[in-house]
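Work through the exercises below with the structure at hand. Try each task before you read its solution.

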Amino acid sequence: MHVPDGLLDLKTASTTAALSVSALAVALRRLRLGLPRRRVPLMGLAAAFLFTAQMLNFPVAGGTSGHLLGAVLAVVLLGPSAAMVVMTAVLLVQCLLFADGGLLALGANVFNMAVVGVLGGSAVYRAVCRVLPGRRGLLAAAAFASWCSTLLASIGCAAELAWSGVVPWGLVFPAMTTIHMLIALGEAAITTLVIVAILRVRPDLVEPTGTSPDARALRLVAAFGLAATIGLLLFALPFASSWPDGLERVGQVLGFGPAAGGRPLPAPMAEYRLPGLGSATAATSAAGFVGTLVAFALACALAAALAPRASAGAPPDRRA
Amino acid sequence: MRHDFLDKWSRLDSPIHRAPAGLKLGLALATAVACVAVPLAHWWALVAIGACLALVAAASRVPPSFVLGRLLLLEPLAAGVALLSVFQPDGARVAVAIVVRSTLCLATMILLTSTTPFAELLRTLRALRVPALLVTVLALMYRYLFVLVDEAERMQRARRSRSFSGRRAHAWASLATLAGQLFVRSSERAERIYAAMCARGWR
Amino acid sequence: MRPAVEIRGLRFGYGALPALRGIDLTVQPGECLGVVGPNGAGKSTLLLHLNGILPEKLPAEPCVFVDGQPLREDTLLEVRRKVGLLFQDPDDQIFCPTVFEDVAFGPQQLGLPPGELRRTVAAALAQVRLDGFEPRSPHHLSLGEKRRVCLAGVLACQPSLLVLDEPTSGLDPRGKRELAELLRTLPSTRIVASHDLDLVATLCSRVLVLDGGLIVASGPTGEVLADEALMLAHGLEKPHTLLHPHPHRAAGG
């Protein structure tokens, strides 16, 4: 999902860059004050690890393969601030070493994956952990949060493309989200499997989240309620009619004229009618909402299947 | 995967390679801005940029096959978006604009990355007052990238030697286990690196 | 003359697992001491105590004295300046993106100005016969070159005590010979933990045998390593150098 250069116009690139820099500044400041020095090498190695892990090919079908993004994996292993910095480092290296992702678009890529993906994923992770207890809860939280974080990153990408006037919002949002709802399932599965593998050997490496296990059934209901809320936020909010207009108004306030190239901005709510389904956007909203609930259910099922495997044995002897 | 797969051409000697990293970075950024900001009506400007890039590529002695190969590898993303935009009014023009702009920008980045050793870029970042923690993380990441990639390759080879099922579920499970092991080893290595840094008086 | 290293009654365990069960040791300045023993004897653990990496919290009553100075929390940085420790895995130790930055790391932490830094790095690299390696990336180096870069990084801080953990492991025969020759020419006090008994035989004047966290034998190299029964009892063997003169190495230590 790395956005290359040449797609985003200057106002989008600079706005996302400014947002990313501010978010990173906050994260770096928190780390400077609160991070013990012994964790610094771990951050560097974690960044190298994420890059390496992103290169692993998880076979899907035919010749295609899925890959890890790792935003929520980083959160689970390092905490949100460190995860933001580590993901940024990965994106920087990919751009400056591999030309993967544009230089001008760096702000947007960092915004999508290292800021929105991390913070959104972290919020979902913490929320679900608070509701669902124990090891199973942690795994379900990680699975669902990684699904959400991938989706959030893709929505960010769609918004940037629309705001740049490259593709109309009414087209790019449904396209991006439907594709990424599926891709995100891979992210959820890979993230959870990797966490299980780590928990088996070194459970101390996973950031602890404590909840006491009680009132099981009620918690599950609450959890689904949470998932439903998230689904609404993801898929209904963007279509509150003021959203794309809001973006344009922000653009005007900031002094940006029409998109570069002299092309007029397309009508914000370009409605594409699909036969039998009404507007594509409404269809996407509904599908997205349902999809969120399904993803959550799958996350819980995965967690239930994997939880027994995630129990660690006695902590191994550690030689310096 | 050979360990120089990321840094293959950055150690050649050419006038482009010898230019200061900060200058190259600034020019790359300026080129990207120009590519995006120039309206399509002034297409001759884009052609001029393309010509300049070709000159730089020739002067840099980086093999053209490498540059073209990378272009082809990374281009599909832009092409995909271009395809989507065809459904717009005036779609063909937009699509062409996207492809031209993104190809020029991509070529710029490929030339930048293949003529500038990463260590120099880090020094530039430090000079630009990028926060020390981020630069340290980048430096450590770059240093240990190759170590981890080698380790991952060895682990995959070992696993493949003992995998006979070919079932996708097994592949996912074993890849995830590999990744998990890689992280655990990395975190233990990080502890040893911390000891080594302290041993040499890290403040 | 004040001993370079003095250890009195050192005990250490990893959690409940005892690793060192009472070590007493004295090393004279300029001496080259070998530490041998089977795997798990505690050699690396012992070495890590010499610059305060272990224990994680230094005791108020110090057991380790370097150049007469007790190793405590308040003297830790000073002692670390004097002790150059070479780890087993050079990849753990070379943590900077270029050779120059890595060798310069120690002197930089000590506050050397940039001009002098360049000279110091060049001198250290010349000492290990890696002239001109400054701009190289560590991952492009061979194992032997990496080991020498680590040594340069340590020598650049001009330590009075050099501690080496398995310096020749993984090297080809030429690499081993070259490193041994290099180590022989260094004037500082050296402590070498190694499985390479031929190295110990040619380099070290005195040797300790460590087993199960205790020193089970200590004395001149020629005597201890030649004691075949002792060697076999502790998972070692009499080095070939003492059986036949080595065709490519100078004898004696």
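**Exercise 1.** What percentage of the 253 residues of chain C count as buried?

*Solution.* The model is a predicted one. A residue is called buried if 20 or more other C-beta atoms lie within 10 Å of its own. By that test, 46% of the 253 residues of chain C are buried.

**Exercise 2.** Describe the overall build of chain C, and decide how its radius of gyration compares with the globule rule.

*Solution.* Start with the secondary structure: chain C contains 11 helices and 10 strands. Next, take the radius of gyration, which is 18 Å. The globule rule gives 18 Å for 253 residues, so chain C is as compact as a globular protein of that length. The extent of the C-alpha trace along the principal axes is about 55 × 50 × 35 Å. Finally, look at the contacts in chain C between residues at least 6 apart in sequence: 64% of these join residues at least 24 apart.

**Exercise 3.** Which elements of chain A supply at least two residues each to the side that touches chain B?

*Solution.* First count the residues: 59 from chain A are in contact with 68 from chain B. On the chain A side, the elements are helix H1 (10-34), helix H2 (40-54), strand E1 (58-59), H4 and helix H7 (169-201). H2(A) gives the largest share, 12 residues. Sorted by class, this side of chain A has 46 nonpolar, 6 polar and 7 charged residues.

**Exercise 4.** Describe how helix H4 of chain A packs against helix H8 of chain B.

*Solution.* Two packed helices are described by the angle and the distance between their axes. Here H4 (residues 80-98) of chain A and H8 (residues 132-161) of chain B have axes that come within 10 Å and cross at roughly 60°. Because of this angle, H4(A) is oblique to H8(B). Their crossing is right-handed. From H4(A), the residues A:Val85, A:Val86, A:Ala89, A:Leu92 and A:Val93 take part; they meet B:Leu133, B:Leu134, B:Val137, B:Leu138, B:Met141 and B:Tyr142 of H8(B). By class, this contact has 11 nonpolar residues, no polar ones and no charged ones.

**Exercise 5.** How many residues does each of chains B and C give to their contact, and which element of chain B gives the largest share of its side?

*Solution.* Chain B gives 24 residues and chain C gives 24. On the chain B side, helix H7 (118-127), H8 and helix H9 (168-199) each give two or more residues. The largest share, 8 residues, comes from H9(B). By class, this side of chain B has 15 nonpolar, 2 polar and 7 charged residues.

Conventions. Residues numbered from 1 in each chain as written. Chains lettered and ligands numbered in written order. Predicted model: local features only at pLDDT ≥ 70, side-chain atom pairs only at ≥ 80, totals over all residues. Axes fitted to C-alpha atoms, helices over the stretch in contact; angles between N-to-C directions. Helix = DSSP H or I, 4+ residues; strand = E, 2+ residues; numbered from the N terminus. Parallel < 35°, antiparallel > 145°, perpendicular 65-115°, else oblique. Left-handed = near helix turned anticlockwise from the far one by under 90°. Contact = placed C-beta atoms within 7 Å. Nonpolar A, V, L, I, M, F, W, Y, C, P; charged D, E, K, R; others polar. Rg over C-alpha atoms; globule rule 2.2 N^0.38 Å. Buried ≥ 20, exposed ≤ 12 C-beta atoms within 10 Å, placed from the backbone.
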